[in-house]
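Thanks, everyone. I have one structure to show and a few features to walk through. Have a look at it first.

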Amino acid sequence: MRLLLLAMAIIAPAVASPAAAQRINGTVREAEGGPLISGGFVSLLDAAGEAGQADFTAADGLFSLTAPGPGQYRIRVQRIGYANWVTEAYEVTAGQTLTVTVEVPPRPVRLVDLRVEVTAACLDDPSEGAALATVWEEARKALETAVWAEDRGEVTFTVTEYERTLDPEYLSTLESESRVRRHVRLPPFRSLPARRLTTSGYALVDPDSSVFYAPDANVLLSREFRNTHCFGLRRDEVDDEPMLGVTFRPRDDRDVIDIEGTLWLDEESAELRRVQIRYRNVPLPQGARRQLVGADLTFDRLPEGPFYVRDWWLRFPVGGYSRRIGTAGLSTRRRAVLVAYRQTGGTVSDAFVGGVSFEVGEGVVAGVLGDSASGEPLGGADVVLRDWDDAAAFVPRPNAADAPFSAVTDHAGRFQVGGLPDGAYALGVDHPRLRAAGVRMNEIRVVVDDRVSEPLELWTPSADALFARICPRSSPRGSTGAVVGIARDADTGLPVPDIEIEVVWRVRRLQGAARTASVSEQSEYAGGASDERGRFAICGVPLGEPVLLRPRGVDEGVELELATRLAWRDVFVEP
């Protein structure tokens, strides 16, 4: 299955020609002798109100804009969390450099005071309704600054990208690949034009391959998007923070694959934090959960500068075909079933502005995970961090795919979780091997202080400890071990419950009296059945002896030899 992952971006207005000589230099401050305003986003508006060149005010409130020609221009000042301000018109003559002071009345936007009524109404335009228009304007300002930075091309980032194959039931990581790219201009992915998405839909799905698209900000702000969606407000907690969201969903007459979602803003600061997207009208394979198919983008802001996408992911189903045996012993028709989910995304770490590097985001927790049974690094493990208070209150641990702070260990067992505010966290580890054994490692307490934490060296429980838990009736000093795994459908790889699994090996026995004694070989067996999640554990398997693992009643199987108390092997069951 192919994927085109996309992020938020808008097409910025054309920048004035370098040959233009008319300039407006100025200082922005709050009215009535208030403080200088740094990080304000100032734009040059022509007589028709169209925006031209734009820039951020410096620490001392200074800005400089170039006009494309003589005429009348206004200065628009935008600040997140404050009402916009537009000056009176300034007359600029050919070749003139005009110096102005812009005084902006401080009019805070208080999202926390907005009233949000829960109704079935869905407005035709996000600028309709006083409360909705207020929230939408704050989101629009943030997206516009992100596009400005992209258009200027002066800001680049270090980006860690990943692709993960997720278990269809638990969303735990089955396979993972990642790469680091440096000096990347954001966004590193693109959308299709709004008109094409409107007519063709946001995904192309067929039996063999699918392509999913997410909208960029140009699409979200387009006439086509407004004409095919309706909008509302929603108040909720996201990542334990009070948020106010602009919701959107397709109009009822849409029959192509479309999207619904929410642009989440922090109630206190009015900053854009998250954009969550889900797909509508998608033909899904049997077993897929529609609420898990979507995209998620987390926004951050450079100090006194533009917004950017700090973390993102897109998740979609991977289908396969299964041919099961019916009750009459005849093979049924092939049917499309869910095999896994595929999640692709990335995280931004360092930013580069004008060739100067500085850290962005928040704190980092890093470490390495080892497998105690083998003494080797353990790759493919999910590492999840959550608030320590939630763990202390026994709130269920989230899956890595749903957790805001998570990572997957690489082939060397290394992991790094970024974007963490200072505070105390509970760190948990999960891995398919541990899950097959019915074991989940206890969470440990990790403290992030001044953006850093102590490097961690983690180890899974020892093979003896796992064996004692899996086979409590076996002697800890005996000469037997256990085989643990998952029974899987050979066509789809999905877990298969209630399958009898056995381990068989050959033993030699002396028969007869002393003078007539003979040696014969006999087969010994140990077995068990897979549970409702396809997991099985077979105890009493001899150490250091070649054995054969197979479904009961099947001649062929997997050959292995236990060197430690525990071996992990999956069994594939033919339909």
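Is Cys539 buried, partly exposed or exposed? Cys539 is partly exposed, at 28% relative accessibility. Keep in mind that this is a predicted model.

Let me stay with that cysteine. A disulfide joins Cys539 to Cys471, with an S to S distance of 1.9 Å. The torsion about this S-S bond is about -90°, so the disulfide is left-handed. Now the location. Cys471 sits in the loop between helix H7 (463-470) and strand E29 (480-489). Cys539 belongs to strand E32, residues 535-542. The pair therefore ties together parts that are 68 residues apart in sequence. Cys471 counts as buried, at 3% relative accessibility.

How many disulfides are there by the distance rule? The count comes to two. Here is the other bond. Cys122 and Cys230 are joined, S to S 2.0 Å. The torsion about their S-S bond is about 95°, so this disulfide is right-handed. Cys122 lies in the loop between strand E8 (97-104) and helix H1 (130-152). Cys230 is in strand E13, residues 229-238. These parts are 108 residues apart in sequence, and the pair ties them together. Cys230 is buried, with a relative accessible area of 7%. Number the bonded cysteines in sequence order, and the pairing reads 1-2, 3-4.

Next, strand E5, residues 71-78. Six of its eight residues are buried, so E5 is largely enclosed by the rest of the structure. Which strands pair with E5? Strand E2, residues 41-45, pairs with E5 in the antiparallel sense over five bridges. Leu45 has Arg74 of E5 as its bridge partner. Strand E7, residues 90-92, also runs antiparallel to E5, joined by three bridges. There, Gln72 is partnered with Glu91 of E7. Strand E6, residues 85-86, pairs with E5 in the antiparallel sense over two bridges. Arg76 finds its bridge partner in Val86 of E6. E5 and E6 form a hairpin, with six residues between them. In the turn, Gly81 has a positive phi of about 90°.

Last stop: Leu197, in helix H2, residues 194-200. Leu197 is buried, with a relative accessible area of 0%. What does Leu197 touch, leaving out residues up to four places away in sequence? Its contacts are Ser191, Leu192, Tyr202, Tyr213, Val219 and Arg254. As for Pro215, it is 18 residues from Leu197 in sequence, and the C-alpha to C-alpha distance is 8.4 Å.

That is my tour. Over to you.

Conventions:
Residues numbered from 1 in each chain as written. Predicted model: local features only at pLDDT ≥ 70, side-chain atom pairs only at ≥ 80, totals over all residues. Heavy atoms only, no water. Disulfide = S-S within 2.5 Å. Helix = DSSP H or I, 4+ residues; strand = E, 2+ residues; numbered from the N terminus. Buried < 20%, exposed > 50% of the residue type's maximum accessible area, 1.4 Å probe, protein only. Contact = heavy atoms within 4.5 Å. Pairing = 2+ DSSP bridges.
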